[in-house]
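Dear colleague,

Please find below the structure that I am handing over to you. My findings follow directly after it.

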Amino acid sequence: MNRFYPIILLIAVFTLSACQASNLQSLLKTEQVITQEPSWTVDGNTYTTTVEYDVPEGTESNSFSLVIKDGIISSIEVGITTTNKASLKYQQDFAKNIASIIVGQKISELKSIDRVSGASVTTTAFNDALLKLQQQLQS
């Protein structure tokens, strides 16, 4: 019976590795799923949208309001509606730090933003909404 232990151990290691790879792929796939196409409304120089996106705990939503003058972003406000404590911290950090990254930038030249303050899902939702606004402004 002892001669089968190495084989059993080897099978267990491969099975565990396959499970971990599968879980990693699952986590990467669920990082961002916008549940509703963002639509921007315009009021003078203010552009506003609300995005909904999936997170492991459910669906989150944020509103983004940008003031754009002469093609340059002059301010941003982020509306937070979550009640999930983990999401709340990331979204608050995102809201606190996003202005320092985009204010003063030309909206037409702004590219995808890297994760802001650890809020990868919120940042990706913002990037998707930003791309939609850029497309809307070009048409």
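At roughly what angle do the axes of helix α2 and helix α3 cross? In this predicted model, the axes of α2 (residues 85–102) and α3 (residues 120–138) cross at roughly 45° and come within 10 Å. Helix α2 is therefore oblique to α3, since an angle counts as roughly parallel when under 35 degrees and as roughly perpendicular from 65 to 115. The crossing in which α2 passes α3 is right-handed.

Which residues make this contact? Helix α2 contributes Gln91, Phe94, Ile98 and Ile102, while α3 contributes Thr122, Thr123 and Phe126. Of these residues, four are nonpolar and three are polar, and none is charged.

I turn next to charged side chains. In general, side chains of opposite charge can pair when their charged atoms come close. How many salt bridges does the structure hold? There is one, and it joins the side chains of aspartate 93 and lysine 89, with 2.6 Å from N to O. Both residues lie in helix α2, four residues apart, which means that about one helical turn separates them.

Are the two partners buried or exposed? Aspartate 93 has a relative accessible area of 18% and is therefore buried, because buried means under 20%. Lysine 89, by contrast, is partly exposed, with a relative accessible area of 49%; exposed would require over 50%.

With kind regards

Technical notes
Residues numbered from 1 in each chain as written. Predicted model: local features only at pLDDT ≥ 70, side-chain atom pairs only at ≥ 80, totals over all residues. Heavy atoms only, no water. Axes fitted to C-alpha atoms, helices over the stretch in contact; angles between N-to-C directions. Helix = DSSP H or I, 4+ residues; strand = E, 2+ residues; numbered from the N terminus. Parallel < 35°, antiparallel > 145°, perpendicular 65-115°, else oblique. Left-handed = near helix turned anticlockwise from the far one by under 90°. Contact = heavy atoms within 4.5 Å. Nonpolar A, V, L, I, M, F, W, Y, C, P; charged D, E, K, R; others polar. Salt bridge = Lys/Arg side-chain N within 4 Å of Asp/Glu carboxyl O. Buried < 20%, exposed > 50% of the residue type's maximum accessible area, 1.4 Å probe, protein only.
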